[in-house]
Amino acid sequence: MTDQAYNFAYLDEQTKRMIRRAILKGVAVPGYQVPFASREMPMPYGWGTGGVQVTAACLTPDDTLKVIDQGADDTTNAVSIRKFFQRTAGVAVTEATAEATLIQTRHRIPEAALTTGQILVYQVPIPEPLRFLEPRETETRKMHELEEYGLIHVKLYEDIARHGTIATSYAYPVKVEGRYVMDPSPIPKFDNPKLSNSPALQLFGAGREQRIYALPPFTHVVSLDFDDHPFEPSKAPHDCDLCGAGESYLDEVIIDDLGGRMFVCSDTDFCRTRCEAGHLGALGVPVLKGGA
Amino acid sequence: MYVAVKGGERAIDNAHAWLAEERRGDLGVAELSVAQIRAQLSLAVNRVMAEGSLYDPDLAALAIKQARGDLIEAIFLIRAYRTTLPRLGASCPVDTAEMAVIRRISATFKDLPGGQVLGPTFDYTHRLLDFKLAAEGEVSQAATAPAAMEAVPHVMAMLDRDGMIEAEPLGNDVPADLTREPMELPGSRALRLQAITRGDEGFILSMAYSTQRGYGRTHAFVGELRIGAVAVEMEIPELGFAVEIGEIELTECETVNQFKGSKTEPPQFTRGYGLVFGQTERKAIAMSLVDRSLRWAELGEDYTGAPAQDEEFVLMHADNVQATGFLEHIKLPHYVDFQSELELVRRLRAEVFATQEAAE
């Protein structure tokens, strides 16, 4: 079968319509998980099928798409998903956060502030923030209905009792506009503050679990905490060794078998832009603008 | 000097080229044709059709070839293809009583109208490796007899006539379609049967087996197991009547289970039902046991906490395409999350050491 045999962005228009209705409902009820009839996609469940379906339903031929995984544009699954949309939708693609109209992400929010008109699509493995406290969907839906969130506070409290601190470092639960507790997908908690009051539309797609949810622009999002144990975003206490950035989320790279390691920005576009602007980290080499 | 890893795209292309080479294998060995797979690995083809939810033996055989014999991968290929197909309409319910059976057995009656027909079965074969097959020995022709034109009525219909089995009247409800609507629980029996018939054979088998061993309890008799071809008919609005559009092979299993009743209600046996594409009898039998097990509430039985009684547990974990995708996604990069855990554990360790030092 040729690629032309598929509709623009792979999904047929009826399916896109069904997904758009779910997205609109999600936007109307921020943080609420809307069930949708997720389709089998040509990539496996758990590999971004929810995000891919949301992206497919949102893309127009004029869009410029950016796909990141772990903050990087060149990780294998990001490459694979970007290629899928280049092939099935023929849209322009970019690595520059500012140039993208739609960004599909796994596990990170870009460092550069998003702007009005941009859409950030998250791939979500387990959309239910209460899932590991209560395995039954029939129960957790009831808990959301009744705003029965005591269990999750007990969990956070038990963390403090056992470890002296809240021991959740990613997929850190948030409360949306004072109503729904929401899983922000497995982003590091460092990224949580960027969820709130973002000018961009944030959409979350969980394909296998058949759920879509949304944060419309300028939605108030609070990370759960206690007055005496306030939420703290955290990152490795280092600067990027390539670009010297002190405020970006870092990946740790093992460089020898003697305990040697370096820290580099997880957001590759952010790091490259800084290097090109002449910033230099401890182990960086000067980059000529426009060079390799 | 460290250079960030680049070149994911070239690595992916090269990996796939290597995969294609590995799939073909030794060029000194003749290539396997799709027709050979369809004809000679037909039970694998049947499984791929059943769990792929698409009745097309040629495409299933192609998927098996492409997947190097990995049946779950082949099922996934079929599912991903199937989901792109337009829905032209729904057929009329197939009439399995009119099935042209190649196999039909009942474990509850020694003889019955239509007879016991063993058909092409592994049952009663001695599981001894046949080295003649390795030596490319052709099989001898099986004996044939003229087709019996006798009707083969359902065993259940005979029990039903006497009121011995719970009635299952024809309903007019349009069943939910789990491929077009999100699954909502609790589901109807029709929805459960849909999920189970496309569920993983191994999972359904183990669930059924667990009920036989006492996790839940289904004491099932195979009232009837039948395999054969049925006509698929569709109402054509322009014509105003149903026309036959094709024929599919099905395996149907109906089990007779423990009775219920009380002083006021006369006791009756209860039903478990299995229906699967192709010759897939292990799956059909297992399906009927799991179906029966999930009916505990409707039949007023106790919930004992057994996995096979738990609708949500069974339905949410039966799909191998979902399961394998999520299981295998953990090999994707997770270094951002792992990094955040590293930082947390380092900090917690430092705090413990600091407390210990302070104590000393």
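**Exercise 1.** Which handedness, left-handed or right-handed, does the crossing of α9(B) and α10(B) have? Describe the packing of the two helices.

*Solution.* The model is predicted: local features need pLDDT of at least 70, side-chain atom pairs count only at pLDDT 80 or more, and totals for chains, interfaces and linings use all residues. Residues are numbered from 1 along each chain as its sequence is written, while chains are lettered from A and ligands numbered from 1 in the order in which they are written.

Step 1. Identify the elements. Helices (H or I, at least four residues) and strands (E, at least two) are DSSP runs, numbered from the N terminus. In chain B, α9 covers residues 201-212 and α10 covers residues 281-294.

Step 2. Take the geometry. The axes of α9(B) and α10(B) are 8 Å apart and the packing angle is about 55°. Axes are lines fitted to C-alpha atoms, for helices over the stretch in contact, and angles run from 0 to 180 degrees between N-to-C directions.

Step 3. Classify the angle. Angles under 35 degrees count as roughly parallel, over 145 as roughly antiparallel, 65 to 115 as roughly perpendicular and the rest as oblique. The pair α9(B) and α10(B) is therefore oblique.

Step 4. Assign the hand. The crossing of α9(B) and α10(B) is left-handed. A crossing is left-handed if the near helix is turned anticlockwise from the far one by less than a right angle, and right-handed if clockwise.

Step 5. List the residues. Two residues are in contact if their C-beta atoms, placed from the backbone, lie within 7 Å. From α9(B) come E201(B), I204(B), L205(B), M207(B), A208(B) and T211(B). The residues of α10(B) include R282(B), A286(B), L289(B) and S293(B).

Step 6. Sort by class. Ala, Val, Leu, Ile, Met, Phe, Trp, Tyr, Cys and Pro count as nonpolar, Asp, Glu, Lys and Arg as charged, and the others, Gly among them, as polar. The contact of α9(B) with α10(B) has eight nonpolar, two polar and three charged residues.

**Exercise 2.** Describe the packing of α1(A) and α2(A) in the terms used above.

*Solution.* Step 1. Helix α1(A), residues 13-28, and helix α2(A), residues 49-58, meet at about 100°, their axes 9 Å apart. That makes α1(A) roughly perpendicular to α2(A).

Step 2. On α1(A) the contact residues are K16(A), I19(A), R20(A) and I23(A), and on α2(A) they are Q53(A), V54(A), A56(A) and A57(A). By class, this contact has five nonpolar, one polar and two charged residues.

**Exercise 3.** Is chain B spread out or compact against the globule rule?

*Solution.* Step 1. Chain B has 13 helices and four strands.

Step 2. Its radius of gyration is 26 Å, well over the 21 Å that the globule rule gives for 360 residues, so chain B is more spread out than a compact globule. The radius is taken over C-alpha atoms, and the rule is 2.2 Å times the number of residues to the power 0.38.

Step 3. The C-alpha trace of chain B spans about 85 × 65 × 55 Å along its principal axes.

**Exercise 4.** How many of the nine residues of α8(B) are buried, and against which elements do the buried ones pack?

*Solution.* Step 1. A residue is buried if 20 or more other C-beta atoms lie within 10 Å of its own, exposed if 12 or fewer, and partly exposed in between; C-beta atoms are placed from the backbone. Of the 360 residues of chain B, 31% count as buried.

Step 2. In α8(B), residues 189-197, seven of the nine residues are buried, so this helix is largely enclosed by the rest of the structure. Among them are L191(B), R192(B) and L193(B).

Step 3. The buried residues of α8(B) pack against α3, α9, β4, α10 and α11 of chain B.

**Exercise 5.** Which sides do the two chains bring to their contact?

*Solution.* Step 1. Chain B brings 40 residues and chain A brings 49 residues.

Step 2. On the chain B side, α1, α5, α12 and α13 each supply at least two residues. The most come from α13(B), with 11 residues.

Step 3. The chain B side divides into 19 nonpolar, nine polar and 12 charged residues.

**Exercise 6.** Where are Y10(A) and Y124(B), and what is phi at Y10(A) and at Y124(B)?

*Solution.* Step 1. Y10(A) lies in the segment before α1 of chain A, with phi near 75°. Y10(A) counts as buried, with 23 C-beta neighbours inside 10 Å.

Step 2. Y124(B) lies in the loop between β1 and α6 of chain B, and its phi is about 65°. Y124(B) is exposed, with 6 other C-beta atoms within 10 Å.
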